[in-house]
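Work through the model below one question at a time. Each answer ends on the value or name asked for.

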Amino acid sequence: MKVKVEKTFPFEFPATTAWKLLSDLPLVATCMPGAEIIEKVYDHHYTGKVKVKVGPATMAFKGKIIVKNIDDLKQELQMIGKGQDLKGSSSAEMEMTAWLVPKDGEGCELKGKSTITVNGKLASLGGRMMTQVSDQILAQFGKNFVHQITALGEGKAAESAREKLAEQAKTLNGISFAGSLAAGFIKNLISPKKKD
Amino acid sequence: MPTLAGDVQAVLADEKVHFQYQEVAAVIADNRYIAADALDLVEVEYEPLPVIVDPHRSMDADAPILREDVVKKDKVGQGPRKHANHIFTWAVGDKEGTDRALASADVVVKEDMLYPRVHPSPLETCGCVASFDKIKGNLTVYITSQAPHIVRTVVSILSGVPESKIRIISPDIGGGFGNKVGVYPSYVTAIVASIVLGRPIKWIEDRMEHLSTTAWARDYHMTGELAADKDGKIKALKVKVLADHGAFNSHAQPTKWPAGLFSVCTGSYQVPVAHVNVDGVYTNKAPGGVAYRCSFRVAEAVYLIERMMDILSQKLGIDKAEIRSRNFIQAEQFPYKTSLGWELDSGDYPTALKKVLDAVDYAGLRKEQAEKRAQGELMGIGLVTFTEIVGAEPSKACDVLGVGMFESAEIRVHPTGSVMARMGTISTGQAHETTYAQIIATELGLPSEEITIEEGDTDTAPYGLGTYGSRSTPVGGAATAVAARKVRAKAKKIAAHLLEVSEDDLDWEIDRFKVKGVPGQEKTMKEIAWAAYNNVPEGMEMGLEAVDYYDPPNFTYPYGVYLSVVDIDKFTGEVKVRRFYALDDCGTRINPMIIEGQIHGGLTEGFAVAMGQEMPFDEEGNLLGNTFMDYFIPSFVETPQWETDFTVTPSPHHPLGAKGVAESPHVGSIPCFTSAVVDAFAHLGVTHMDLPHTAQKVWKKIHELGLDKRD
């Protein structure tokens with residue numbers, strides 16, 4: 001099944017700082033909850049793994065990440081990640097385009113557009129929750145991205161951001177995550193969005 | 001492996017996997033823990049290929065070919081084929097006559113409807129233990145099968161082991177509902193593994209495997225056209241069906257009937273001319289359609305005609321009870337030959353309808369509905385007057401793998417008058433032990449508690465085709481009655497010998513033969529049983545037993561009138577079933593308590609299908625509903641209260657007049673729920689809503705109509 005997610009994250013950092021992080025794939029990967037780059041195969045080609053928990057299914061995906069395009073001028077990154085879980089019962093693919101838009105005055109916005117395709121058990125078991133889960137994963141990605149940029153700097157704020165990053169769970173299985181998922185679900189119930 | 005429908009099905013996929021969850025590898029281990037760990041070590045890499053999920057796309061010119069292995073075959077079961085993904089076309093009736101009648105009729109209503117893919121989902125999943133004795137060359141298989149004798153024949157054909165050396169034992173089964181008729185790849189794997197290894201091999205499914213790979217039902221995309229005059233008298237019926245058969249054509253069906261008995265779709269009505277066309281196609285879904293608590297494709301047929309009757313009634317503004325009444329086959333017209341070739345044996349539809357309408361105060365309900373509508377509330381009244389076709393089947397019409405669809409019973413009366421009886425059917429919870437014992441007790445006058453009924457062991461039971469399609473009572477029950485009557489005929493001869501009179505001088509009374517006009521001169525069945533083993537007339541063999549292989553002259557046609565009342569919450573879409581009144585006519589009622597139980601079960605499974613069960617797929621072919629988180633199994637919490645009633649119109653050709661009952665409530669209740677849900681919106685021009693009527697789907701309709709606005 002296919003899920004399309006679009007997100008915008010506003011930052012107080014200049015676009016040039018944010019771009020430094022966004023264009024560094026191994027570093028930006030650490031912002032993705034549960035994800036990890038294992039090795040760089042060659043330029044723009046990496047292998048990595050992701051652990052996801054959707055509903056009752058916890059799955060470890062191993063696969064490749066390919067940076068299709070890095071455009072310094074437009075400050076845009078296009079990447080594709082695809083993998084299979086180790087038992088071969090599910091597969092997932094994510095195509096993502098992320099770019100930065102400078103705001104008037106200080107700061108910028110990180111915009112992201114992604115299409116996530118899942119097949120197999122993950123789709124069967126987690127189908128109903130995929131939209132919310134994808135949404136939450138990307139929301140957390142935005143938060144981590146802010147921490148990561150902050151951590152790149154100096155001073156007290158950077159220190160606390162580094163601590164938060166260290167606490168960041170490596171799998172998507174935290175109580176806070178489940179909590180925000182439930183909150184999102186309830187929010188959707190109260191103000192139903194139009195879906196096709 | 002060959003399928004019952006004439007196709008070839010992969011036991012384990014090689015080169016190409018055709019549907020999600022298809023079996024690709026098997027691991028055999030000493031215990032389940034090792035097996036599970038070993039399975040985790042099997043790495044499978046899949047290369048995604050284009051898929052077909054929507055059967056309407058199967059025969060597109062640019063559709064990917066799903067089955068390269070049969071591409072050159074002009075037949076996979078029933079031919080001819082017109083596309084690589086096409087399986088069969090089956091047409092019946094008078095096409096020209098139907099088209100002519102449609103063109104000249106006062107009014108024609110047309111509707112597309114989908115009877116979605118559902119799963120019978122018995123509580124016990126499928127499983128078997130296969131044990132091959134390498135020394136003796138004997139194969140014993142314990143299996144959850146509704147048709148153990150057919151399984152033995154299939155296993156023998158496939159393995160080369162003589163049927164006499166194969167013993168299939170189908171013990172107590174935790175529900176079947178059609179799901180346990182077929183032979184699945186994992187049975188074959190277990191049997192082959194046992195033959196190769198010479199050790200017992202057990203295979204059992206988990207719930208997800210069961211829901212994903214074993215036999216499902218329906219998946220009929222139907223278009224109905226019903227023509228009538230302005231008074232609502234039917235002139236013609238035309239039906240087109242696209243049947244999604246999944247990746248292999250492995251439907252459980254009588255050989256010559258690729259669309260089962262779907263052509264019974266003229267229902268309880270006088271339809272002068274009709275035509276049905278069914279096309280079966282391949283898609284990337286699990287194979288193996290069965291009849292889920294119905295006779296082959298009868299649930300679909302009944303759904304179609306009952307929906308069309310409602311739609312016609314809406315179009316003409318004639319009440320749905322009235323329009324049915326105007327088109328009923330009348331009691332004196334039976335046996336009635338339908339325009340699609342069936343001979344309905346008996347019925348009295350008007351009496352049944354009147355009884356139900358009076359019982360629920362139909363006029364009062366309509367009045368209440370009008371008041372509710374005026375207040376903006378949603379109340380619906382559903383009505384169906386359906387006829388089923390069950391009791392598969394006369395062997396002249398139906399066979400499985402060339403074996404006629406008879407049924408068998410063997411009755412042995414012991415010297416002390418107790419009875420051992422064995423049948424070719426197999427109970428999956430319908431209490432054959434009670435019904436059959438009651439038939440024998442009634443026919444022979446022997447106490448039912450001393451009658452033992454045994455089924456399901458092919459080493460002891462006579463050959464039978466098994467239990468499905470409501471055939472146990474219509475065919476197995478008939479065999480039992482006829483066998484019992486053979487025993488009684490012999491007993492009469494012995495009684496005449498013992499009493500030294502002619503057979504003609506004897507009267508039968510409950511449990512004994514009496515000499516006419518001579519009180520006290522009598523022999524009870526127990527006394528006769530004793531004599532059968534020591535004192536029989538000259539020239540007669542000793543013993544008291546009989547076998548009967550009953551080949552029915554016709555199907556039986558149970559029917560019913562169901563009425564339901566629903567209230568719909570216009571803000572949540574929840575459908576609350578306020579009332580469900582079910583009148584069934586299953587002919588002679590052998591055991592009322594068992595009938596009642598069967599009807600409650602069938603209605604509940606009908607409620608499940610109508611209100612929640614479906615097997616949805618996403619566009620990639622992922623099954624999105626193969627756990628009990630998604631797949632609806634109603635409990636006492638959701639299930640409405642059932643009110644039941646009956647009339648009795650015995651079948652003229654069945655030895656007891658019985659017609660079979662277990663499936664009517666399932667088949668009949670589903671369109672009755674749809675009828676009620678649609679009726680709640682009928683005043684707003686809604687003519688049809690597809691199953692299942694979940695709160696979400698109903699709410700969507702409410703929202704589309706703008707009924708959920710708060711003041």
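Two strands pair if DSSP finds at least two bridges between them. The model discussed here is predicted.

Q: What is the strand order of the open three-stranded sheet in chain B with antiparallel pairing?
A: The edge strands are β18 (506–509) and β20 (522–524) of chain B, each pairing on one side only. Neighbouring strands are turned by 20° against each other on average, direction ignored. The order is β18-β19-β20.

Q: At about what angle to β19(B) does α11(B) run?
A: Helix α11(B) lies across β18, β19 and β20 of chain B. Its angle to β19(B) is about 40°.

Q: Is α10(B) roughly parallel or roughly perpendicular to α11(B)?
A: The axes of α10 (residues 432–444) and α11 (residues 472–499) of chain B come within 9 Å and cross at roughly 30°. Angles under 35 degrees count as roughly parallel. Therefore α10(B), relative to α11(B), is roughly parallel.

Q: Is the crossing of α10(B) and α11(B) left-handed or right-handed?
A: On the α10(B) side, the contact includes Y436(B), I439(B) and I440(B). The crossing of α10(B) and α11(B) is right-handed.

Q: Which strands stand at the edges of the four-stranded sheet in chain B?
A: This open sheet has mixed pairing and the order β12-β22-β23-β24. The twist averages 15° from one strand to the next. Each edge strand has a single partner, so one side of each is left without a neighbour in the sheet. The edge strands of chain B are β12 (378–387) and β24 (643–646).

Q: Which residue in β22(B) is the bridge partner of L383(B)?
A: β12(B) pairs with strand β22 (residues 559–568) of chain B in the antiparallel sense, over ten bridges. In β22(B), the bridge partner of L383(B) is L563(B).

Q: Which helix of chain B lies across β12, β22 and β23?
A: The helix spans residues 362–374. It runs at about 145° to β12(B). The helix is α9.

Q: Is α6(B) roughly parallel or roughly perpendicular to α7(B)?
A: Helix α6 (residues 298–316) of chain B packs against α7(B) at an angle of about 110°, with the axes 9 Å apart. Angles of 65 to 115 degrees count as roughly perpendicular. Therefore α6(B), relative to α7(B), is roughly perpendicular.

Q: How many charged residues are in the contact of α6(B) with α7(B)?
A: The crossing of the two helices is right-handed. From α6(B), the contact includes E306(B) and D310(B); from α7(B), it includes K320(B) and R324(B). By class, there are four nonpolar residues, two polar, and charged residues numbering four.

Q: How many nonpolar residues are in the contact of α6(B) with α14(B)?
A: The two axes come within 9 Å and cross at roughly 30°. That makes α6(B) roughly parallel to α14(B). V298(B), A299(B) and V302(B) of α6(B) are among the contacting residues, as are V667(B), I670(B) and P671(B) of α14(B). Three residues are polar and three charged, while the nonpolar count is eight.

Q: What is omega for the cis peptide bond joining F334(B) and P335(B)?
A: Most peptide bonds are trans. P335(B) sits in the loop between α7 (320–327) and β10 (336–337) of chain B. The cis bond from F334(B) to P335(B) has an omega of about -5°.

Q: Where is P692(B) found?
A: The peptide bond from L691(B) to P692(B) is cis, with omega near -15°. P692(B) is in chain B, in the loop between α14 (664–679) and α15 (695–704).

Q: What is the phi of Q75(A)?
A: Q75(A) lies in the loop between β4 (57–71) and β5 (76–85) of chain A. Most residues other than glycine have a negative phi. The phi of Q75(A) is positive, near 55°.

Q: What pLDDT does chain A average?
A: In chain A, 83% of the residues score at least 70. The average for chain A is 79.

Terms used
Residues numbered from 1 in each chain as written. Chains lettered and ligands numbered in written order. Predicted model: local features only at pLDDT ≥ 70, side-chain atom pairs only at ≥ 80, totals over all residues. Heavy atoms only, no water. Axes fitted to C-alpha atoms, helices over the stretch in contact; angles between N-to-C directions. Parallel < 35°, antiparallel > 145°, perpendicular 65-115°, else oblique. Left-handed = near helix turned anticlockwise from the far one by under 90°. Contact = heavy atoms within 4.5 Å. pLDDT = per-residue confidence, 0-100. Nonpolar A, V, L, I, M, F, W, Y, C, P; charged D, E, K, R; others polar.
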